[in-house]
Amino acid sequence: MNPWIMVLIIFVINIVYVTFSTMRMILTLKGYRYFAALVSMFEVVVYVVGLGLVLDSLDQIQNLVAYALGFGSGVVVGTKIEEKMALGYITVNVITDEINRELATTLRAKGYGVTDWQAHGLEGNRSAMQILTPRKYELKLYTTIAELDPKAFIISYEPKSIRGGFWVKSVKKGKLFK
């Protein structure tokens, strides 16, 4: 077989393998255990085939280079796919310079779960909000906040578990963002 075709095959196989590996890890961390197990079965088959091709010709340095480049590229591809899937939820904490009931009301009207309260900062009173949303609506939420209060301070993180509240019931019934 043409050595450059072999390099290309090894490169592509390793992209696929590491993409599966990255997806399996993310699925496991997000609690999708059974789907992660299914992905891992495909992952191991692709891994064995790719590694076998490299081990059969260890004297060909270009195969090792293709394997390494495919590995790094697979990490990038896997994370890009995960970003598009946007599994799970995020919690966004927002602090505004002034007591801003309009922002909380507008976000609630759009379907976001918002808890707001008055806070006190170094330079005076503030409005603080905690907002829960599916990750697929994260960027839309940031845009909405920026339109309503361009100077808002925003921090986001992924909650490990969610339990209780009206919002969780609405998610289970499929009533949000429609």
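The model is a predicted one, in which local features need pLDDT of at least 70 and side-chain atom pairs pLDDT 80 or more, while totals for chains, interfaces and linings use all residues. Residues are numbered from 1 along each chain as its sequence is written, and side-chain values use heavy atoms, with hydrogens and water left out.

The unreviewed UniProt entry also assigns "transmembrane region" to residues 6-27, 34-55 and 61-79. Residues 6-27 are 100% helix, with end C-alpha atoms 31 Å apart. Residues 34-55 are likewise 100% helix, and their end C-alpha atoms are 31 Å apart.

Six salt bridges are found in the whole structure, each defined by a side-chain nitrogen of Lys or Arg within 4 Å of a carboxyl oxygen of Asp or Glu. One of them joins Glu-43 and Arg-24 at 2.5 Å, N to O. This pair links distant parts of the chain, with Glu-43 in helix α2 and Arg-24 in helix α1 (residues 3-29), 19 residues apart.

A nonpolar surface patch comprises Leu-55, Leu-58, Ile-61, Leu-64, Val-65 and Leu-69, with about 560 Å² of accessible area together. Its members have over 30% relative accessible area and no salt bridge, and nonpolar side chains (Val, Leu, Ile, Met, Phe, Trp, Tyr) are joined within 5 Å; areas come from the Shrake-Rupley method with a 1.4 Å probe, only the protein chains shown counting as cover for residues. Helix α3 (residues 61-85) gives the most to the patch, with four residues, whereas Leu-55 belongs to helix α2 (residues 33-55).

Conventions: Patch = residues over 30% accessible without salt bridge, like charges linked within 9 Å, V, L, I, M, F, W, Y side chains within 5 Å. Helix = DSSP H or I, 4+ residues; strand = E, 2+ residues; numbered from the N terminus. UniProt positions renumbered as here; feature names shortened; annotations may be inferred.
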